[in-house]
Every structure is written in structure tokens, then in C-alpha cells.
Amino acid sequence: MQTPETTPPADRLEDAIGRKVRALRQGLDVTLSDLARSAGLSVGMLSKIENGQTSPSLTTLQALAAALNVPISMFFQDFEDRRDCSYVPAGQGVRIDRRGTRAGHVYELLGHSLRSATKIEPFLITIDEGGAAHDTFQHPGHEFIYMLSGRVTYRHGDRHYDLAPGDALFFDALAPHGPEGFADLPAKYLSIIVTPPSE
């Protein structure tokens, strides 16, 4: 039996709604005719909805939601979940020009949030031979750093951290921060910047 949690994603909104209605109905072990009767629909109309062959009105969705005892937003869940995904193949991150770029730091944006009001930016940062210190970054939100290769001394406020592969750092990004010394280059680290909507 297919449950709502295992409903596969759909390309069209009508397909997504239809699959969700079917999954919810089957999860409750309710027949097509029983659900149609409870929602005040014909069996033919419900069949078309489940097969993505028609766009149900909001009134129809409201009736189905009541009959299935779920919020109306449940019907859009799979479609929205599918869209909120950012895939970047290896080596194809978008190069971004940030302040540290002038210091020889390469920023590759690995993804971005599509619908969330919270801004989330995952970067792969590479510092090659000849890269310069840049420890005066300041911006709203928080930042998480995970060291992948090389060794750098990273400043946050008035503290300094020697980062080696596997080390992690999480901090309030309003304090001055950034790499200020390099023990082993080239160096790579993952930087995830999270900025709440209020900031």
C-alpha cells in the first residue's frame, strides 16, 4: 500500500494533486466511490482528479480535504517539495564575485534556497597559492565552515582558530571574520551562510 510519505514527485500540479489524493485515499483504505460520496463528487470526476486529467476547483479541493481529514495544503505538498531543490553537479558551482575574490579566494555557489524567506548560501571556497589574508568579513546571520583540505588560521572577532581537514566552525557573522593565515595551500572549505528574513 502506498502511503502519502512515499508519493513520487510529479511534473504537473494536476498530477501532484491527483497522486496525493490517491495516496491519501489508499492510506485510509477508502474506495473511490466512498471518497466520492463523502466529498459530494461523482466517481468519474474523482477518477479524473486522481489521474491528473482535470484541475479541481478550490471548492472541490476543500471538499476532498474535509473528507480525507487533512489540510488543503496537503494536496500541494509533493509539487512544492519537488520544486524546492537545487542540484549542482560536481565542478559546476557558479563562481561568485565576493569581497574575498580580490584576495585570491574562489567562491563557488553550490545551491540556493528557492522559496524560503531565510537566505541560505552554501559556498565551496578555494584559496590557491598566492592567496592573501582577508579577515574583515562582516554580514548579518550565521556562518558554518567545514575544512576540506589545507590548513588556515581563521579569525572570528578577537579569537583565532587553526583549521585542518575535518575541523568545523560555526559563528555569528556580524563579528569580523575570515582567513588570516595559511599553513598549507591550496586550501578548500565549505562555507554555509544563513541569513534570517528579519536581517
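Biologist: Which residue of β3 does Glu108 stand opposite, and what makes two strands count as a pair?

Modeller: In this predicted model, Glu108 stands opposite Leu124 in β3. Strands are DSSP runs of E with at least two residues, helices are runs of H or I with at least four, and both are numbered from the N terminus. Two strands pair if DSSP finds at least two bridges between them, and 5 bridges join β2 (residues 105-109) to β3 (residues 119-127), so this is a pair by definition. β2 and β3 run antiparallel.

Biologist: Which residue is the bridge partner of Arg95 in β2, and how many bridges join β1 to β2?

Modeller: The partner of Arg95 is Glu108, and β1 (residues 94-96) is joined to β2 by 3 bridges, with the strands running antiparallel.

Biologist: What makes β2 count as mostly covered?

Modeller: A residue is buried under 20% relative accessible area, exposed over 50% and partly exposed in between, using a 1.4 Å probe and protein chains only; in β2, 4 of the 5 residues are buried. For the protein as a whole, buried residues make up 37% of the 199 residues.

Biologist: How many bridges pair β4 with β5, and what phi does Gly157 take in their hairpin?

Modeller: β4 (residues 142-156) and β5 (residues 159-163) pair in the antiparallel sense over 5 bridges, and Val152 stands opposite Leu163 in β5. The hairpin has 2 residues between the strands, and Gly157 takes a positive phi near 65 degrees there.

Biologist: Before we turn to the helices, what are the ground rules for these values?

Modeller: Residues are numbered from 1 along each chain as its sequence is written, and side-chain values use heavy atoms, with hydrogens and water left out. As the model is predicted, local features need pLDDT of at least 70 and side-chain atom pairs count only at pLDDT 80 or more, whereas totals for chains, interfaces and linings use all residues.

Biologist: Which residues make the contact between α1 and α4, and how do they divide by class?

Modeller: With contact meaning heavy atoms within 4.5 Å, the residues are Ile17, Val21, Leu24 and Arg25 of α1 and Leu61, Leu64 and Leu68 of α4. By class there are 6 nonpolar, no polar and 1 charged residues, where Ala, Val, Leu, Ile, Met, Phe, Trp, Tyr, Cys and Pro count as nonpolar, Asp, Glu, Lys and Arg as charged, and the others, Gly among them, as polar.

Biologist: At what angle do α2 and α4 cross, and which residues make their contact?

Modeller: The axes of α2 (residues 32-39) and α4 cross at roughly 115 degrees and come within 8 Å. Leu35, Ser38 and Ala39 of α2 meet Ala63, Leu64, Ala67 and Leu68 of α4, a contact with 6 nonpolar, 1 polar and no charged residues.

Biologist: What makes Asp29 and Asn69 stand out in their phi values, and are they buried or exposed?

Modeller: Phi is near 60 degrees in Asp29 and near 60 degrees in Asn69, in each case a positive value in a residue other than glycine. Asp29, in the loop between α1 and α2, is exposed, with a relative accessible area of 65%. Asn69, in the loop between α4 and α5, is exposed at 70%.

Notes
Axes fitted to C-alpha atoms, helices over the stretch in contact; angles between N-to-C directions.
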